[in-house]
Amino acid sequence: MKALKVLIAVAVIVVGLGYAVYHFGTGFIADEVMGKVAAELDASGELDNVRQEVERNPELKAFLEEGKQADTTKLPFQTKEQATRVLLKKFDLSELNEIQIQVRQGMSSEEQVALFAKIESKLTEEEMLALKAIAYKELFK
């Protein structure tokens, strides 16, 4: 009986530690990823290229314009860091890395539509609107 109590106590501790690592680990990874991506975009001038691409593509511009009208106080997240945390929970790191590589190499309109469909399939409407609002704010601030 005593061994069973010890086993249950150890199991509870392991589960608690696992949850803590997951909870705080995803937050830490999200902050690190967002910091690196933001610094990389600023340093390389890629943000200007993204703005130009959005301006050239009317469908993409209309897609992001939806975020302009959004009431951010009612959305599930308002900052890039919070968005990154949500994306890390919905996508695994290999999927996010694959998307990043695909975007860097350039995408056709069909590939962009496929990417948006993939993202929309894993996120709720409110989460998509929050991403659009953040993207719009970052691109056209």
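# Notebook: a chain of helices

I read along the sequence and noted the pattern α-α-α-α-α-α-α. The model I am looking at is predicted. I counted seven helices and zero strands in the chain.

**Entry 1: overall numbers.** I looked up how much of the chain is covered. Of its 141 residues, 26% count as buried. The chain exposes about 9700 Å², and carbon and sulfur atoms supply 62% of that area. I then checked contacts between residues with a separation of 6 or more, and 80% of these join residues 24 or more positions apart.

**Entry 2: the core.** Which residues touch the most other members of the largest nonpolar core? I found Phe77, Ile119, Leu123, Met128 and Leu131, in a core of 21 residues. Helices α3 (58-68), α4 (80-90), α6 (109-122) and α7 (125-139) each supply at least two residues of this core. Helix α7 gives the most, with six residues.

I took Phe77 by itself next. Leaving out residues up to four places away in sequence, Phe77 touches Gln82, Ala83, Val86, Glu127, Ala130, Leu131 and Ile134.

**Entry 3: Lys80 and Ala135.** I placed Lys80 in helix α4. Its relative accessible area is 24%, so Lys80 is partly exposed. Lys80 and Ala135 are 55 residues apart in sequence, and I noted 8.7 Å between their C-alpha atoms.

**Entry 4: Glu95.** I found Glu95 in helix α5, which covers residues 93-105. Is Glu95 buried or exposed? Glu95 is buried, because its relative accessible area is 16% and the cut-off for buried is under 20%. The side chain of Glu95 reaches the backbone nitrogen of Asp92 at 3.0 Å. Beyond its neighbours within four places in sequence, Glu95 is in contact with Lys118 and Lys122.

**Entry 5: salt bridges.** I noted a count of six salt bridges and looked at some of them.

- Lys122 forms a salt bridge with Glu95, and the closest N and O atoms are 2.9 Å apart. This pair links distant parts of the chain, with Lys122 in helix α6 and Glu95 in helix α5, 27 residues apart. Lys122 counts as partly exposed at 30% relative accessibility.
- Glu98 and Lys118 meet through their side chains in a salt bridge at 4.0 Å, N to O. This pair also links distant parts of the chain: Glu98 is in helix α5, Lys118 is in helix α6, and they are 20 residues apart. I have Glu98 as partly exposed at 49% and Lys118 as partly exposed at 27%.
- Lys74 and Asp71 have side chains that meet in a salt bridge at 4.0 Å, N to O. Lys74 is exposed, with a relative accessible area of 69%, whereas Asp71 is partly exposed at 37%.

I went back to Lys118, which is in contact with Glu95 and has a salt bridge with Glu98.

**Entry 6: a surface patch.** Which residues form a nonpolar patch on the surface? I listed Met1, Leu4, Leu7, Ile8 and Val12, with about 570 Å² of accessible area together. I checked Val12 and found it in helix α1, residues 2-44. Val12 counts as exposed because its relative accessibility is 57%, and exposed means over 50%.

Note on methods:
Residues numbered from 1 in each chain as written. Predicted model: local features only at pLDDT ≥ 70, side-chain atom pairs only at ≥ 80, totals over all residues. Heavy atoms only, no water. Core = buried A, V, L, I, M, F, W, Y, C linked by side-chain atoms within 4.5 Å. Buried < 20%, exposed > 50% of the residue type's maximum accessible area, 1.4 Å probe, protein only. Helix = DSSP H or I, 4+ residues; strand = E, 2+ residues; numbered from the N terminus. Contact = heavy atoms within 4.5 Å. Polar contact = N/O pair within 3.5 Å; in protein donor to acceptor, adjacent residues only side chain to side chain. Areas by Shrake-Rupley, 256 points an atom, 1.4 Å probe, with all protein chains shown as cover. Patch = residues over 30% accessible without salt bridge, like charges linked within 9 Å, V, L, I, M, F, W, Y side chains within 5 Å.
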